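I opened the file to look up a helix, some aromatic contacts and a sheet. My notes follow in the order of the look-ups.

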Amino acid sequence: MSSMDAKPLSLEEKWRLLPSFLMIRGLVRQHLDSFNHFIQVEMKEIVKANEYIYCDADPNWFVQYVDIRVGMPDIEESYGMSRKTIPHECRLRDITYSAPILVDIEYARGNQRVLKHNLTIGRMPIMLKSENCSLHGKTPAELIKAQECPIDSGGYFVVNGSEKVILIHEQLAKNRMLIEEGPVCQVTSASLERKSRTNIVINKKNQISMKHNAFSDDIPLFILLRAMNVTSDAEIVDLICNDASSSIDANILLPSIEVAQTAKVFTNVQALHYLVGKLKTSLNFAPTKLSNQYDYRKKSQMDSVRELLNTTVVAHIPVTNGDYKVKVIYICQMVRRLIKALDHPEYIDDRDYYGNKRLELAGSLLSLLFEDLFKRFNNELRIIADKNIPKIKTAQFDVVKHMRQDIITNGLTSAIATGNWTVKRFRMERVGVSQVLSRLSFISALGMMTRINSAFEKTRKTSGPRSLQCSQWGLVCPCDTPEGEACGLIKNLALMTHITTNISPADRKTLIDFCKELAGVEDIALACNGLFLNSNYLVYVDGLIIGFTAGPHRVVEVIRTLRRGRKISEFISASYSHLQKAVYISTDGGRLCRPYIVLNQDGNPLLTNAHLEKLKRGFLNFQDLINQGLIEYLDVNESSISHFALTNADRTSQSTHLEIEPFTLLGVCAGLIPFPHNNQSPRNTYQCAMGKQAMGVIGLNQRVRIDTLMYNLAYAQRPVVSSKTIQLIKFDEIPAGINSIVAVMSYSGFDIEDAIVMNKASIDRAFGRCFVYKSQKCLLKKSASTGRDEIQPPPLKPENANIAYRLKCLDSDGIVAPGERVSDRQVLVNRYSPTSNPLFTADAKGATVIGSTNYRENALTYRGIEPIVVERVIITSNVEESFLIKMNLRQHRRPEVGDKFSSRHGQKGVIGLIANQEDMPFNLEGICPDLIMNPHGFPSRMTVGKLKELIAGKSAVIKGTIHDSTVFGGTSLEEMESILVNSGFHLKCKEIMTSGITGELLKAYIYFGPIYYQKLKHMVLDKIHGRPRGPRAVLTRQPTEGRARDGGLRLGEMERDCLIGHGVSMLLIERLMLSSDAYMADVCAKCGLFGYLNWCSSCNSSQDVATIQIPYAYKLLLQELQSMNINARLELTKK
């Protein structure tokens, strides 16, 4: 069937593509793809680049790595004994979910060549659900057996028992020319060995020069090019200025030529000598510990400069056999763009344009770290060989016995555990690369997996990087960003975004061959002059010039044809710029792309209903549609030269692609909002933040997990007003909220400022009840000097009632029993630690003699306002073979005044009043609302989506269905109103209600129906704080700060000013001194200095010493001033 005869696709049928896409790409898949690529490809490349180790002591000694691979996750129970493990066990036992890194090596032992297989050189933390994970490819039933949630998407690590996710990081693209304000032409180059930044600048005298970190001063352009074997001024001017349109005046280069003349640099050797003089002294290229070990000869400075020009200046362009031609052309192109940007501002690039950005994922970050650690591992082996080979021993030197696993293992584990990424080779020191996965709700975990972190400092108040760019359409969610200082810097991926990974060098070479053979690209080696180069379009592959062409459209069309025929990777993109006269072909990783339906030349989709039917039946999957060229991925640069139709009706003859679904331009969190296109924009942003704080079901395995803190809603319900995103991410299976009957009316004055009035009978029926789970853990440590911790059973006859109360919940083994109700300061584990402190030896109560060691009490106690129930107790061991006792503690909470609730439209409010049901209004059917909302919450917020949700919810409940509220669509208002009218309800959901207090009919119609409400984690019980007396800081003797430290409530400067305004001086003295840090100080009335024990050591007299009451902090201030040689004297007067 031809595409002309194909029926147009309906919106409903296209929607079937989404579940199929999410099975192979999107959301968390990019983390998994990146990690798999690192394990299968990048790791092998790193080992291949560093496969040989030699040493100075014996020229015949060597080590060669033949192969490297990562095994399956296991646990070493004892030396040499290991068994397979699952992530759940690692979470419970506080150990790292990792697999051994195995290598095959060939090495010299004496005069023999020895081949060894499966040697472990370290352990690699494994990403859950990746191909090396024990959960990969498991069915839901098998996942449940392994005590994992089938809906959990993986993509994170388990390190020391806690879940860590390596966030997506946004970087500027490497190997791209960028013209910045100034103008400055900047290229950040990255080759496998080096990273460097090269700037071409033009000063006020119109002199063009190069700035580079390796040189202490700017290098004039003509001297730089002469050092690269281009000595003729005419040739340089030709390469830069000569083109068919004469767009650049050659006279602009005259000042630059004069600089070279003044410096008397005319030849290649003179230019190199000039550069030697400008070299930074630190760059003498002495071999470092990590550099190639047999390259110890000291280079001459001329060689150093040559190597610098070869490998560091514009580092991504290779120089083979001293041929600088491509590098010279590249630098001349940089100068061309710089000169054009002087008069034409359109040549200045936008740093925030998303085509100039690349996203770093877990794979590329781990690759950098592993390379650094692997080189360190090899270097250590070489140092050991250098030390041991010269020694004469009976046994021959065997390098295998000296292979330590801890360098690589500890390096990887500690980096993921702390988030500190340190790679000395690139001077890279980043913090916060990995973070603890937020398990507050299912959505908060999923939102964290799709979060993009910007490298920009949060404190700078620039709007550029924060604003929403047109190039982010469909790739980054326009709603989901935090409020405050990180606004616009932390972003979230949209629903159908995919992040590319690097393609292999062999595929890249094939692509370049195709360009030269099929696309009419002439090899750059054939370029004979500047006119030839500058009149044609230069073709760049990842920033490297491979040739030039007269027909950029043909190159793009050939690349697209090859991509649709799957002769090259589906993630290769091709675009052109008429302004810059260049064709850009991108194959690198970290580009954002998304799929589109391909249209033929008449503007009809290649995808037909027959394909969708096969997809529905499972005969095809999404990858098959890509392989057949019906759907293709486009990145930002290629999107800019394509023409999209948003819907079927928008297609024209110019259209090249059709959008799969418009709602996929939103992310996961924004997709939960009903009718978000009817809301004011900031409300959607607020909901994205609050949806992550909503309590619900965090996963189907929540009852077997022991998390530090977990909130569970007792009766979570799926929303009656759902959306396609909710079904796609399976939020309706593990929801976070309750369908509440809401009356929009004013009631009692307790509902001002967004507060809500709640029905007490609804709370009695378990509306909004939740469970808070906290875990406590107790380690029994073992030390070589003093012994190990012990657990003591409680005494049969306690000495007093206080001890009896504290130990009341303990079992006979000294550990709290499951099911016990534990109150504040009661003991959970009766642990005793060994001590050599004589205080405890003498103290009969504190020390218990077990054997000959003195023990002191070091019990684990519960601290909290409300009692808590012990749900589970686990006794196990960790990697260090210390005993580990973990307790899961459960607290049941019902909503109280001050607890925070929110709808899905950013309408948050606390409970202002819990009213009895008999006082609540009711409708003609006798239905009372669960909560009453103040109508003043609507006009200024403009959340029309919430009004629509109430109508949709009411009509869905009446019909017994679930309504769709997807953005830009959903169930129509007419359909919902017809359901209401046919069932005898008001078409706008208004009801006649009777007051529960007076029994009279209310004088207005009340907007009444169901709305999905979320209970947020902010509860009064977690925030309530106050104290009469308590701990004090040692230094100032003032009350400590903060709720966790049982601190005082601070009376600050503004409160002080208020009390001064009221003139209550005695209250001020009481608050600021008597209740805080009153201190009786001895002061000498004669000299004004502090005395001690009624004696002034300055006057050597006790005659004039008086005792006064001052704040201790004031006394401390005076003494600190004395330490700085400032003598503050007090003048005393008699009362």
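Before checking a helix length, I note that the expected span of a helix is 1.5 Å times one less than its number of residues. The model I am reading is predicted.

Entry: helix α13. I looked up α13, which runs over residues 406-418 and has 13 residues. From its first C-alpha to its last I get 17 Å, close to the 18 Å expected at 1.5 Å a residue. I then listed the buried residues in α13: Ile407, Ile408, Thr409, Gly411, Leu412, Thr413, Ala415 and Ile416. For reading such a list I keep in mind that an α-helix has 3.6 residues a turn, so residues three or four places apart point the same way. Just after α13, I found Gly419 with a positive phi of about 80 degrees.

Entry: whole chain. I counted 31 helices and 54 strands in the protein chain. The C-alpha trace spans about 95 × 95 × 70 Å along its principal axes. Of the 1135 residues in the chain, 53% are buried.

Entry: aromatic pairs. I found 15 aromatic pairs in the structure. One of them joins Tyr65 and Phe374, with 5.0 Å centre to centre and 55 degrees between the planes, and is tilted. Where in the chain do Tyr65 and Phe374 lie? I placed Tyr65 in strand β2 (residues 62-70) and Phe374 in helix α12 (residues 362-388), so this pair links distant parts of the chain, 309 residues apart. Are Tyr65 and Phe374 buried or exposed? Tyr65 is buried at a relative accessible area of 2%, and Phe374 is buried at 0%.

I looked next at Tyr540 and Tyr584, an aromatic pair that is stacked, at 5.4 Å centre to centre and 25 degrees between the planes. Tyr540 sits in strand β23 (residues 537-541) and Tyr584 in strand β26 (residues 582-586), so the pair ties together parts 44 residues apart in sequence. The cut-off for buried is under 20% relative accessible area. Tyr540 counts as buried because its value is 3%, and Tyr584 counts as buried because its value is 18%.

I also found one aromatic cluster, formed by Phe35, Phe38, Tyr65, Phe157, Phe370 and Phe374. A separate look-up of charges over rings gave Lys908 over the face of Tyr686, at 5.4 Å from the ring centre.

Entry: a sheet. I traced an open sheet of 3 strands in the order β7-β8-β18, with antiparallel pairing. Which strands stand at the edges? They are β7 (157-159) and β18 (434-436); each has a single partner strand, so one side of each is left without a neighbour in the sheet. The twist averages 40 degrees from one strand to the next. I checked the pairing of β7 with β8 (residues 162-166) and found 3 bridges between these antiparallel strands. Val159 stands opposite Ser162 in β8.

Entry: annotation. The unreviewed UniProt entry carries the annotation "domain: RNA polymerase Rpb2", which covers residues 177-360, 435-499, 539-599 and 1047-1131. I looked up two of these spans. Residues 539-599 have end C-alpha atoms 26 Å apart and come to 21% helix and 43% strand. For residues 1047-1131 the end C-alpha atoms lie 34 Å apart, with 38% helix and 16% strand.

Technical notes:
Residues numbered from 1 in each chain as written. Predicted model: local features only at pLDDT ≥ 70, side-chain atom pairs only at ≥ 80, totals over all residues. Heavy atoms only, no water. UniProt positions renumbered as here; feature names shortened; annotations may be inferred. Helix = DSSP H or I, 4+ residues; strand = E, 2+ residues; numbered from the N terminus. Buried < 20%, exposed > 50% of the residue type's maximum accessible area, 1.4 Å probe, protein only. Phe/Tyr/Trp six-rings, centres within 6.5 Å; stacked < 30°, edge-to-face > 60°. Lys NZ or Arg CZ within 6 Å of the ring centre and 35° of its normal. Pairing = 2+ DSSP bridges. Axes fitted to C-alpha atoms, helices over the stretch in contact; angles between N-to-C directions.
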